Amino acid sequence: MPKVRGDGSVIQLEPGKPRSKCRKWQLRVPIGRSKKTGKYEQLTRVFHGTYTEAKAALREFITEIESDLVVRRRTDAKTVREYSEAWLLQQEKEVAHGTWRKYVDHIKCVNLHLGYAAPWDVTFEDIDEMYELLAKGESPSGKPLSGTYLSSISATVYKMFKQMVKDKVIGSSPVEYAERPKPDTKEKKALTHDEMDDLISKLDPRQPTQLVVLLGIKLGLRRGESHGLSWEDIDFKAKVIHVRHNFDSGGNLRDETKNGKVRDIPLTGSVERDLEAALDHQIYLFARTRRKWNAAVPVVTSKTPLICDGMGKRLMPDASTRWWRQNREALGYPGCTVHEMRHSYRTQLRKKGVPKEVAQNLLGHSSEAMSDLYDHVDMEDMQEAIKLVDW
């Protein structure tokens with residue numbers, strides 16, 4: 001238990017203001033010499049209020065220290081920036097690459113405003129102010145951030161500060177009291193049946209990036225799931241697609257889909273024709289490459305990716321997104337995203353009256369509430385459902 005030395009002190013943090021006008025203070029309480037380092041130590045806390053209120057808060061702070069209610073900070077995390085760097089290294093080992101990249105972008109925004117602050121000095125007012133400044137354009141890009149993006153940042157900030165508490169860097173998380181930004185993105189608009197029909201007629205399944213969009217419209221596959229498919233996952237005889245991999249933006253072929261489960265989807269007549277066209281074209285392209293270079297490879301095998309280049313190398317997920325962004329306006333769908341193909345497919349399932357549990361299975365959604373229902377959904381249920389949305 002720390003032993004308080006002296007009465008502590010209240011330090012003004014707003015230089016230039018008279019004490020009567022200052023509203024930000026640092027409470028300092030000396031706790032003697034460290035047995036480990038031999039150096040004199042003190043515990044600090046930032047307080048917002050009048051000087052009289054700060055003095056009262058100092059007395060409460062001392063009481064907490066003497067009661068051993070204050071967690072002493074670790075000396076290896078002196079700033080938010082230092083802690084965030086270590087936290088990101090740990091997250092890189094624990095989360096999907098796409099999620100980790102998102103964390104990196106979020107932390108850049110945090111460090112722009114709080115990077116040099118000591119973790120134990122950050123208050124919920126500081127975090128609220130950070131969101132306000134980012135919304136006004138004081139961001140790494142120099143552009144105002146949307147409420148939706150700020151809401152996503154706040155989730156990352158919450159997770160990091162929660163870990164700080166577990167690591168005993170801080171006693172409690174200021175994020176708990178900060179106001180979370182509200183999403184302001186308009187609700188995604190699903191394509192109508194006629195629009196989906198129109199778009200399908202304009203896409204060529206022989207082109208890998210366009211095949212990704214088609215699989216999103218016709219089967220509701222996620223981008224990473226389409227990029228993760230190999231020909232061994234397509235069972236033309238049983239008319240089933242085995243969705244068992246997710247290819248993330250870091251180039252990692254993960255042995256599970258986003259929800260952690262492998263699922264089988266019935267192969268519709270329309271998708272079967274698309275895949276046959278894609279396979280025939282791939283065989284043709286590989287043969288042309290072999291002739292050009294007088295080589296024995298590439299050759300289409302069961303391990304060959306559906307979405308690949310002329311040498312059989314699996315294309316990164318960003319390739320299909322990039323193609324779509326470059327061509328969506330010419331196709332007549334400006335502002336529409338690749339993921340909205342999946343959203344449109346889900347909407348069509350609902351409009352056609354497909355039972356919720358069947359739709360959940362087709363789309364690969366999961367929740368504890370639905371887990372028991374999954375056990376009663378068989379291939380025949382899904383085959384009947386998918387006939388209703390077969391193009």
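Trainee: Where is Ser-320 found?
Mentor: Ser-320 lies in helix H10, which spans residues 317-331; helices here are DSSP runs of H or I with at least four residues, strands are runs of E with at least two, and both are numbered from the N terminus. This is a predicted model, in which local features need pLDDT of at least 70 and side-chain atom pairs count only at pLDDT 80 or more, while totals for chains, interfaces and linings use all residues. Residues are numbered from 1 along each chain as its sequence is written, and side-chain values use heavy atoms, with hydrogens and water left out.

Trainee: Is Ser-320 buried or exposed?
Mentor: Ser-320 is buried, since its relative accessible area is 0%; buried means under 20%, exposed over 50%, and partly exposed in between, using a 1.4 Å probe and protein chains only.

Trainee: And what does Ser-320 touch?
Mentor: Leaving out residues up to four places away in sequence, Ser-320 touches Thr-209, Val-212, Arg-223, His-227 and Val-338, where contact means heavy atoms within 4.5 Å.

Trainee: Switching topic, which strands form the open sheet?
Mentor: Three strands form it, in the order S1-S2-S3 with antiparallel pairing; two strands pair if DSSP finds at least two bridges between them. Strand S1 (9-12) and S3 stand at the edges with a single partner strand each, so one side of each has no neighbour in the sheet.

Trainee: What about Thr-44, where is that?
Mentor: Thr-44 sits in strand S3, residues 40-48, and is buried, with a relative accessible area of 11%. The C-alpha atoms of Thr-44 and Val-10 are separated by 9.7 Å, although these residues are 34 apart along the chain.

Trainee: Which residues have the most contacts inside the largest nonpolar core?
Mentor: They are Ile-127, Met-130, Ile-153, Val-157, Met-160 and Phe-161, in a core of 30 residues; such a core is a set of buried Ala, Val, Leu, Ile, Met, Phe, Trp, Tyr and Cys residues joined through side-chain atoms within 4.5 Å. Helix H2 (80-94), helix H3 (97-114), helix H4 (124-135) and helix H5 (147-166) each supply at least two residues of this core, and the largest share, seven residues, comes from H3.

Trainee: What is Ile-153 in contact with?
Mentor: Beyond its neighbours within four places in sequence, Ile-153 is in contact with His-106, Cys-109, Val-110, Tyr-131, Leu-134 and Leu-145. Another core, of 28 residues, lies apart from the largest one, and its members include Ile-265 and Ala-385.

Trainee: Last one, where is confidence lowest?
Mentor: The lowest confidence is in helix H13 (residues 371-374), at a mean pLDDT of 38, and the highest is in strand S4 (residues 234-235), at 98; pLDDT is the predictor's confidence in each residue, from 0 to 100. Over residues 368-376 the pLDDT is below 50, and where pLDDT is low, the predicted coordinates should not be read in detail.
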